[in-house]
Amino acid sequence: MTHVPEGPAESRLEQISRIVIDDSSRVPVLLWFTSSVIWLLFGSLAAMISSLKLHHPDFLGGIEWLTFGRIRPVHLDIVFFGWSCMAAIGTLLWLQARLCHVRLPWPVLLSGLAMVWNIGVVVGSVAVLAGHGSSIEYLEFPAYCAPFFAIPALGVLAANVKMYLTKRSEHTYVSQWYLLAATVWLPILYVTAMFCTYFGLVQGVSQAITNWWFGHNALGLWVTPIAVATAYYLIPKVTGRPVHSYHLSLLGFWTLAIFYNWAGTHHLTGGPLPAWTITVGVVGSMMMFIPVITVAINHHMTMRGVFSMLKTSPTLRFTVFGSFLYTVASFQGSLEALRSHQEITHFTQYTIGHAHLGLYGFFSMIMFGAMYYIFPRVTNNEWSSARLIKVHFWGSALGILSYGVGLCWAGWWQGTMMNNPSIPFLQIVEYIKPYLILRSISGAGMTIAHLAFALSVWRILSRHHFVMSGPTLFTTQRPPWREFVNEQNQREEIAQ
Amino acid sequence: MNRTFLVIVGVFLTIAFSLSGLVLIPNWQFQEHQPVRNARDGSQYPNPYYGLARQGRDVYVDQGCAYCHSQQVRAKGYGADIRRNWGNRRTVARDYMYEYPILLGTMRTGPDLANIGARQPARDWHYLHLYNPQITSAGSVMPRYQYLFRTIRAGEMVPAGAIPLPAAFQSEGTHILPTARGEQLVEYLRAQNRTFPLPEAKQP
């Protein structure tokens with residue numbers, strides 16, 4: 001039985017309906033979430049192997065399946081399709097049900113689709129490791145993997161639209177727009193890009209544009225809106241304050257929808273394309289300042305005066321960190337699109353640093369925040385240990401900051417040196433080696449954080465319940481896990 | 001209900017516009033590309049890959065070479081690609097009209113390869129470099145591709161096709177030969193030559 005706190009009749013009714021809604025989404029949300037956490041661990045493993053290989057090329061050198069050119073795309077695809085997409089879908093299903101005040105439709109179907117998606121990631125990763133990858137970034141998985149992602153994406157879209165059409169809430173909250181739009185964009189993006197790429201619909205350099213139209217939009221129109229929607233929900237929810245400005249959030253939504261689309265070609269600056277295609281990308285990237293600033297103002301103003309809550313609430317700390325990195329990484333990304341900037345940083349580690357600040361510092365941190373909020377609500381259980389959450393936060397936060405700053409610094413100088421033909425190429429390689437080692441150390445920090453998180457998740461899913469003792473905050477003291485389990489086992493023995 | 005419909009149509013249109021603007025229109029523009037013929041010797045450029053080089057492209061893709069090597073030369077005055085001798089002119093859309101998949105790359109952990117065939121025409125250089133990059137480029141972070149080679153035991157006689165390893169890298173009584181995939185990859189690399197003058201990309 002879930003404990004329903006006493007209160008005025010109406011709010012009790014609301015709480016009960018919230019519990020009914022959370023119950024309806026339990027199985028699918030847990031499946032999408034748990035899968036994503038498992039993929040996060042595999043993604044970290046692939047990341048560590050790739051990173052170590054970059055400064056010690058002979059590490060696991062004789063194994064063709066683990067050669068850098070295969071394990072690196074496997075890292076990218078696992079963290080994108082396995083971790084990011086599955087975490088995003090779990091969050092959006094739960095969030096849309098909550099915001100629409102309806103039960104999650106078709107829980108069995110949505111759970112099945114999670115398994116289909118998992119099969120897709122397994123098949124695709126093995127294919128790339130076996131040498132069947134396409135070398136097209138973000139689309140390495142062979143064409144036969146496409147149905148494993150396209151069908152679940154359509155299923156999620158259908159569930160999302162159904163919830164939206166049957167919603168019982170009177171108002172539409174800004175998060176719902178983002179969630180709805182993201183689920184419309186994903187299948188269109190993915191199916192179109194796969195068709196164009198694998199069925200020869202586009203030739204020559206148009207393939208490269210298609211590649212980055214997908215690669216950039218997969219981040220900008222799929223994972224970004226979901227993370228922004230989540231932050232728009234969690235920050236007011238945890239702090240108990242309304243969103244600063246409704247009009248600003250609408251402006252932010254539509255400017256993102258219109259401008260992010262066009263930004264992808266900045267990945268091809270200086271390349272063999274008509275100049276206008278690049279110019280369009282630069283303009284789109286600069287216009288992104290508008291949605292980013294509106295979101296930044298809205299989130300900051302909502303937080304004003306309650307920043308002290310970051311000391312206690314894990315959800316809030318992860319989410320606000322991610323929100324802050326959204327502003328930082330987006331500003332960086334817009335400036336990076338300028339031709340004068342790209343002349344230096346294109347083709348260098350700077351891009352890698354930026355990509356991680358975005359997908360990890362912004363998106364993944366908000367997903368962690370969401371999971372710290374959602375897991376207890378769908379399992380009727382609490383997090384076992386504040387210390388594990390602290391390890392997770394500091395490992396992730398310090399890891400991504402040293403990673404991002406280190407690689408952007410190294411990349412800037414790498415590019416500067418590359419543009420000076422009197423510096424031999426191998427001298428540049430020598431220069432960046434220490435930063436590549438720093439990358440491995442930062443990566444190890446994040447990997448430790450993920451292990452701590454996975455342990456927390458395993459415990460909250462296990463049958464031992466902490467429900468009686470209230471939410472786990474950073475300040476919560478809990479008995480050591482082992483002691484707690486023993487005590488509970490004894491209690492069960494006595495009861496029998 | 002009507003609002004929902006508007007939102008869905010709106011977000012659909014945003015992506016339809018960018019797809020047409022960025023992918024479909026340029027693709028339609030590029031349809032008119034034709035190879036260029038050299039009036040003096042009748043040679044033609046660009047050409048599709050044939051034979052070993054064609055097979056070697058699959059090896060290049062499956063080994064993921066593109067994750068560290070680009071295949072594009074930026075214009076004079078934008079970066080130092082030409083001054084680094086990575087090409088004698090910028091590369092343009094026509095250079096890639098037969099490339100499928102296109103392997104422009106976005107990273108230069110290693111040097112650009114758009115003209116590696118022109119820079120390093122010798123097969124043996126490529127074999128030594130792939131067998132152990134330290135032989136040709138000491139300090140490189142490129143992995144060794146020893147699985148693209150086979151070792152045979154031989155007496156005094158050096159078998160045909162053995163790669164000329166320097167003494168420091170050779171173990172007694174063995175010789176190293178490229179496998180079929182090794183040969184294909186090297187032919188693909190040697191075919192990377194985008195120096196043919198094009199009207200839209202004059203040599204600076």
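## Exercises on chains A and B

B:Gly56 touches B:Gln184, B:Leu185, B:Val186, B:Glu187 and B:Tyr188, leaving aside residues up to four places away in sequence. Contact here requires C-beta atoms, placed from the backbone, within 7 Å. This is a predicted model: local features need pLDDT of at least 70, side-chain atom pairs count only at pLDDT 80 or more, and totals for chains, interfaces and linings use all residues. Residues are numbered from 1 along each chain as its sequence is written, and chains are lettered from A and ligands numbered from 1 in the order in which they are written.

**Exercise 1.** Decide whether B:Gly56 is buried or exposed.

*Solution.* Start with the element: B:Gly56 sits in helix α2 (residues 51-62) of chain B. Helices are DSSP runs (H or I, at least four residues), and strands are too (E, at least two), numbered from the N terminus. Next, apply the cut-offs: buried takes 20 or more other C-beta atoms within 10 Å, exposed 12 or fewer, partly exposed in between, with C-beta atoms placed from the backbone. B:Gly56 has 22 such neighbours, so it is buried.

**Exercise 2.** Find the bridge partner of B:Thr151 in β4(B).

*Solution.* Take the strands: β3(B) and strand β4 (residues 174-178) of chain B run antiparallel, joined by five bridges. Pairing needs at least two DSSP bridges. The partner of B:Thr151 is B:Ile176.

**Exercise 3.** State how many residues each chain gives to the contact.

*Solution.* Chain A gives 66 residues and chain B gives 57 residues. On the chain A side, α6(A) contributes the most, with eight residues.

Terms used:
Contact = placed C-beta atoms within 7 Å.
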